[in-house]
Amino acid sequence: MNALSVSNLSFRYYKNGKRNIVDNLSLSVEAGSVTVILGKSGCGKSTFAALAAGLYPENGGFLSSGEIEIFGNSIKSMSHKDRAKYLSIMFQNPDLQFCMDTLRKEIIFCLENIAVPPDKMDDIIIKVSSHLGMSKLLDRKLSSLSGGEKQKASLCCLTAINSKCIILDEALANIDNDSAKKIITILAEYKNSGGTVIAVEHRPELWRDIADRYVVMGEGCKILEENISSSDFENFRDILAANGIYGTYTGKNTSHCENSENAISIQNFSFKYDNENKYLLKNACADFKKSRITAILGKSGIGKTTTFLCILKQHKFDGTIEIFGENIDDIRENDLFKDVGIVFQNPENQFVTQKVEDEIKASIKNPEFLSATKLLEEYNLKQFAQYSPYMLSQGQQRRLAVFSMIAGNQKILLLDEPTYGQDLQSTENIMRLLNNKVEQDGLTVIFITHDEELADKWADDIFKIEDGKFIKC
């Protein structure tokens with residue numbers, strides 16, 4: 001039996017729109033298998049996942065043709081409760097999925113929606129949270145979790161619901177490699193018990209031990225290849241490389257000049273999560289040099305994003321942070337943001353307009369030197385100029401956020417997972433643009449990543465947060 005069958009599916013966001021996001025797609029996924037969906041950023045993979053889960057067109061967009069069946073049942077005929085028994089989905093952005101303020105409440109909410117008896121809920125909560133290493137975070141505010149912790153929280157909820165099939169949209173994107181491998185092991189157990197996994201991914205190598213097949217999609221979710229096995233990967237190297245799935249980073253040609261001047265200096269730096277006694281960083285020290293690219297590595301939840309928030313005076317800390325030699329306690333926030341820009345882990349949190357083109361224009365400080373149209377064309381977003389930023393894929397949103405910040409002409413740019421959700425070519429384009437700004441304008445770039453190869457190829461300096469300290473690599 002097929003867990004999912006999609007036939008002649010065509011979908012677009014506007015009824016009178018000229019472009020189908022999903023264009024005449026037919027695909028079947030066998031029950032009890034692991035299928036990994038690959039393709040360039042923006043080709044429609046996440047939209048396909050939302051259609052398969054019944055979120056579209058029920059909550060937006062226009063389905064012009066096609067049928068979707070889940071375990072032989074038309075999705076149109078299934079109630080939400082019945083659908084959840086058969087299939088559940090994890091969004092690319094977990095913030096959009098949470099309804100409650102803590103993981104414990106979120107799991108209870110999910111269980112209530114599928115009518116699990118209250119006396120059985122505690123056992124399920126303990127089981128799924130311990131399985132994913134989230135027991136200690138059950139009662140912490142979800143808003144305070146790192147991106148990787150939020151993704152694991154979403155997986156806890158999916159595991160609790162225990163659908164026959166789960167769709168994972170970039171489920172491992174913000175998670176360190178050790179945690180990702182543990183999750184893959186858990187998914188292997190789920191598969192062995194009869195579960196079906198459909199994973200939208202940009203990192204196929206993580207799945208090679210459990211994937212039954214890989215499907216490569218082109219623009220409009222056109223099927224380019226649909227039966228690539230893990231053992232057969234090398235035979236499809238050309239088509240995988242052409243779609244940004246397989247290959248290595250080119251990297252910059254030379255290191256930037258050594259610079260004795262600090263853009264940011266952190267001394268005796270300590271902070272906790274809100275309302276908790278445990279320090280994430282304790283008496284940590286680090287100097288981030290001017291006009292260079294610095295990468296920050298570390299496990300999920302180790303304090304990387306919170307460090308950025310402290311630099312921007314958005315989180316309490318002990319110790320000293322200096323920007324170009326001046327203590328941030330003496331810098332007004334308005335002046336601070338003139339010098340320091342940030343690209344959030346969730347780019348939707350920073351959009352201020354209703355059109356992609358306007359988002360770039362709103363940030364451009366010197367329009368005579370920098371054209372919004374040129375930027376959008378150069379980085380493959382021109383066709384979306386009149387779209388709302390919220391209609392872009394996560395990968396496209398991230399590119400837009402990076403370009404908008406660069407157009408703002410700040411002296412320091414903090415980027416939280418800037419290449420998450422990107423194919424190889426888009427990742428190279430983002431890093432090349434940042435590198436050019438460092439070389440031409442003296443920009444200082446500090447970026448958080450779990451991708452050690454990316455850091456090795458593009459960063460001049462690398463720090464790893466470990467045991468509450470910054471360790472220079």
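Me: In which loop is Asn 162 found?
Reply: This is a predicted model, in which local features need pLDDT of at least 70, side-chain atom pairs count only at pLDDT 80 or more, and totals for chains, interfaces and linings use all residues. Residues are numbered from 1 along each chain as its sequence is written, and side-chain values use heavy atoms, with hydrogens and water left out. Helices (H or I, at least four residues) and strands (E, at least two) are DSSP runs numbered from the N terminus. Asn 162 lies in the loop between α5 and β7 (165-169).

Me: What is the phi of Asn 162, and is the residue buried or exposed?
Reply: Most residues other than glycine have a negative phi. Asn 162, which is not a glycine, has a positive phi near 60°. Buried means under 20% relative accessible area, exposed over 50%, and partly exposed in between (1.4 Å probe, protein chains only). At a relative accessible area of 54%, Asn 162 is exposed.

Me: How many residues of α5 are buried?
Reply: Helix α5 covers residues 147-161 and reaches 22 Å from its first C-alpha to its last, close to the expected 21 Å. That expected span is 1.5 Å times one less than the number of residues. The helix is largely enclosed by the rest of the structure, because the number of its 15 residues that are buried is 14.

Me: Which residue does a cis peptide bond join to Tyr 56?
Reply: Most peptide bonds are trans. Here omega is about -5°.
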